[in-house]
Amino acid sequence: MCCGVKWSETPVSHCDMRPYIVCGGLSAPTETPAPLKQPLSIHSAGYARTFPRPEMTTVHAELSQAGIRATPNRVAVLTLFRDHPHEHFSADQIYRRLAANTGSLSLASVYRSLTYLLDAALITSASLGNSRVIYELNRGEPHYHLVCNRCGVVRDAYDSTLKAACQSIAVEQDFTYAAASVVIFGECSDCRQKATRSVS
Ligand SMILES: [Zn+2]
Ligand SMILES: [Zn+2]
């Protein structure tokens with residue numbers, strides 16, 4: 001719920017926020033060389049994992065536990081997420097951060113590593129529209145995203161009532177609810193302050 005206006009399944013405009021909701025998950029992004037094997041949904045089954053898992057003390061052990069071979073690229077990608085547990089990365093950002101230190105890394109290999117990590121629910125992904133897909137560590141906390149239209153910053157938002165609202169919308173349309181992805185577009189406080197300073 002935003003500004004008292006009910007969420008809908010299609011983009012709507014009110015105030016300066018444009019919520020975009022897709023019930024049932026999103027299809028795989030078109031710009032990825034390798035198709036993602038799970039829906040781009042904040043309510044994917046992966047969130048059911050319990051965190052932290054004390055028996056997993058290293059990235060190698062975590063990959064092994066997930067049944068994934070610990071190749072240097074996969075270790076490097078998962079380590080980046082572990083080092084930045086609250087950041088959102090595009091595949092390209094991951095590639096640029098790691099390319100200097102990981103000789104065999106290519107953008108295609110980053111996508112392959114991401115697919116493995118998504119399959120193992122070690123990370124999650126979300127589509128922010130306009131073919132923009134972000135990845136983040138699976139912290140076991142379903143959440144939604146706010147995106148700044150000016151600087152592109154992505155923030156997490158938590159609202160326990162939103163899932164119920166989406167479920168209700170699905171039922172009203174004679175749908176069985178599976179998942180929902182919500183992205184709220186607007187302007188972050190930093191950008192608003194910069195705009196105010198430039199005017200004064
Ligand atoms: Zn901003
Ligand atoms: Zn997030």
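Predicted model: local features only at pLDDT ≥ 70, side-chain atom pairs only at ≥ 80, totals over all residues.

Colleague: What makes D174 exposed rather than buried?

Modeller: D174 has 6 other C-beta atoms within 10 Å, and the limit for an exposed residue is 12 or fewer, so D174 is called exposed. D174 lies in the loop between α5 (160–172) and β6 (180–186).

Colleague: Why is N130 called exposed?

Modeller: Within 10 Å of N130 there are 6 other C-beta atoms; the criterion is 12 or fewer, so N130 qualifies as exposed.

Colleague: Why is A108 described as partly exposed?

Modeller: A108 has 13 other C-beta atoms within 10 Å. Exposed requires 12 or fewer and buried requires 20 or more, so A108 falls in between. A108 belongs to helix α4, and its C-alpha atom is separated by 9.2 Å from that of A91, 17 residues apart along the chain.

Colleague: How do you know that α3 and α4 pack together, and which residues meet?

Modeller: A91, D92, I94 and Y95 of α3 meet L107, V110, Y111 and L114 of α4. Contact here requires C-beta atoms within 7 Å. The residues of this contact comprise 7 nonpolar, no polar and 1 charged. The helices, α3 (residues 91–98) and α4 (residues 107–119), pack at an angle of about 115° with their axes 9 Å apart, and their crossing is right-handed.

Colleague: How does the length of α2 compare with the expected span?

Modeller: Helix α2 (residues 72–83) has 12 residues and reaches 16 Å from its first C-alpha to its last, close to the 16 Å expected at 1.5 Å a residue. Its buried residues are R74, A76, V77, L78 and F81; they pack against α1 (59–65), α3, α4, β2 (123–127) and β3 (133–137).

Colleague: What makes up the largest nonpolar core?

Modeller: That core has 19 residues, and V77, L78, I94 and V110 are among those with the most contacts inside it. Helix α4 gives the most to this core, with 5 residues. Beyond its neighbours within four places in sequence, I94 is in contact with V77, L80, F89 and V110.

How values were computed:
Residues numbered from 1 in each chain as written. Chains lettered and ligands numbered in written order. Axes fitted to C-alpha atoms, helices over the stretch in contact; angles between N-to-C directions. Helix = DSSP H or I, 4+ residues; strand = E, 2+ residues; numbered from the N terminus. Left-handed = near helix turned anticlockwise from the far one by under 90°. Contact = placed C-beta atoms within 7 Å. Nonpolar A, V, L, I, M, F, W, Y, C, P; charged D, E, K, R; others polar. Expected span 1.5 Å × (residues − 1). Core = buried A, V, L, I, M, F, W, Y, C linked by C-beta atoms within 7 Å.
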